[in-house]
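Have it open beside you as you read.

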Amino acid sequence: LQSLDVANNQLRELPAALADCPRLKEANFRGNQLKDKRLEKMVNGCQTKAILEYLRAGGRGKGKAESAREEARKKKREKQQKKDGGDGEQDELEEANKLLLLVKVLHISENPAPLVVKASPGVKDVRPFIVCCVLKGVNLKPGNALKRFLSAQTKLHDDICEKRTAATIATHDLQLIKGPLLYDVQPPDELKITPLGRKEIGAKDLLRQLQLEAEEQRKQKKRQNVSGLHKYLQLLDGKDNYPCLVDAEGVVISFPPITNSEKTKIRKHTRDLFLEVTSDTSLQICKDVMDTLILKIAELNRLTLENKEDSGSDNESDALCGPVDLNPSQNVQPMNLPLVVEQVRVVDTDGNLKVLYPSKTDLTTVSSLLTVIR
């Protein structure tokens, strides 16, 4: 299918399967009263590619709660439209604008103390690719916000990261990190980490412990497959050295693709994140995963603000890993305050730049869903 014209019909929604049509270049959906008002706005002003990206990323997997909220907002708009007479179209346009996700990029030149990651030569033969950034202004305190955040990360690992075989995500509390950071490799007998929810242990012993747990899990549940960290043990088979991210104090804060450190674990009060994506496949995969991760966090942040949930307890144990300045000229409402993405450089041991994220060409894969202020 290369061209599709279903303009001026009575369609209420567009099937997500359209995103799986690789040759579809021209599509006309105008004149249909779509339930998704943001999508309706897009079909009137965006290219086909952007619409298909929206269907691929945002048109699938919506839970019952989200559908119910959309239905409630729709009824509220219809009620307001009847009340205001002919102003309904303007109300819908304003509602669509409110749904925009904002991210502001803080460039290295604007940051008085940018975080730097130095990559050692040894990673080239083990897990050569790493992309990092800082994300400020996240709100994880209300209700189930942290649980949703962790669940979203797990889903990304299963989907776009292809069960961590393509890439691995690590998220840290920025306030608990001592920079500069070193992306390095260490022998299994020497690498030590305090895994999430565990005591300090050597990497070799950790993998042996996880393997024993996996076998016990199989026996108890009488299943072929295992869950949790046990699924990723085979990704390190045959490696003479293991990859790790080390802080300025010499503490290993990340051991991809297995676990983060308890030292930098994210909790409900965390506001600023250090995000890390590593891969042994390609640099572009790291960037694509990071783009998607930032989009997902922005969506969750907006959802938290829209729900206006009560603040939960700070005693959060099941975790993985300040205020935002905004130019008043942007003239956005408090709900739309952007997250701030600070650029992070990865350099070699001589200080030569290997990768800067986000660069001018990054975050373009999610540009149809995310408004980036550069």
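**Entry 1: a loop residue with positive phi**

I started at Glu 162, which counts as partly exposed at 49% relative accessibility. My cut-offs here: buried is under 20% relative accessible area, exposed is over 50%, and partly exposed is in between, with a 1.4 Å probe and protein chains only. Glu 162 sits in the loop between H5 and E6. Helices (H or I, at least four residues) and strands (E, at least two) are DSSP runs, numbered from the N terminus. The phi of Glu 162 is near 50°, a positive value in a residue other than glycine.

For the record, this is a predicted model, where local features need pLDDT of at least 70, side-chain atom pairs count only at pLDDT 80 or more, and totals for chains, interfaces and linings use all residues. Residues are numbered from 1 along each chain as its sequence is written, and side-chain values use heavy atoms, with hydrogens and water left out.

**Entry 2: another positive phi**

Next I looked up Leu 363, which is not a glycine either but has a positive phi of about 70°. Is Leu 363 buried or exposed? I found it buried, with a relative accessible area of 1%. Its place is the loop between E15 and E16.

Pro 180 belongs to the loop between strand E6 (168–173) and strand E7 (181–186).

**Entry 3: helix H5 against helix H7**

I then turned to helix packing. Two packed helices are described by the angle between their axes and the distance between the axes. At what angle do the axes of H5 and H7 cross? For helix H5 (residues 145–158) and helix H7 (residues 283–307), I have roughly 155°, with the axes coming within 10 Å. The axes are lines fitted to C-alpha atoms over the stretch in contact, and angles run from 0 to 180 degrees between N-to-C directions. That makes H5 roughly antiparallel to H7 (the label applies over 145 degrees).

Residues making the contact (heavy atoms within 4.5 Å) include Arg 148, Phe 149 and Leu 156 of H5, and Leu 293, Lys 296 and Leu 300 of H7. I sorted the residues of this contact into 8 nonpolar, 3 polar and 2 charged. Nonpolar here means Ala, Val, Leu, Ile, Met, Phe, Trp, Tyr, Cys and Pro; charged means Asp, Glu, Lys and Arg; the others, Gly among them, are polar.

**Entry 4: cysteines**

How many disulfides does a search of the whole structure find? I got 0, taking a disulfide as a pair of cysteine sulfur atoms within 2.5 Å. The sulfur of Cys 133 is 7.9 Å from the closest cysteine sulfur, in Cys 132, so it is too far for a bond. For Cys 161 the closest cysteine sulfur is in Cys 286, at 9.0 Å, again too far for a bond. Cys 133 is buried at 0% relative accessibility, and Cys 161 is buried with a relative accessible area of 0%.

**Entry 5: Ile 253**

Last stop: Ile 253, in strand E11 (residues 252–255). Ile 253 counts as buried, at 0% relative accessibility. Leaving out residues up to four places away in sequence, its contacts include His 172, Ile 177, Leu 181 and Asp 247. Lys 263 is 10 residues from Ile 253 along the chain, and I have their C-alpha atoms separated by 6.8 Å.

How values were computed: Angles under 35 degrees count as roughly parallel, over 145 as roughly antiparallel, 65 to 115 as roughly perpendicular and the rest as oblique.
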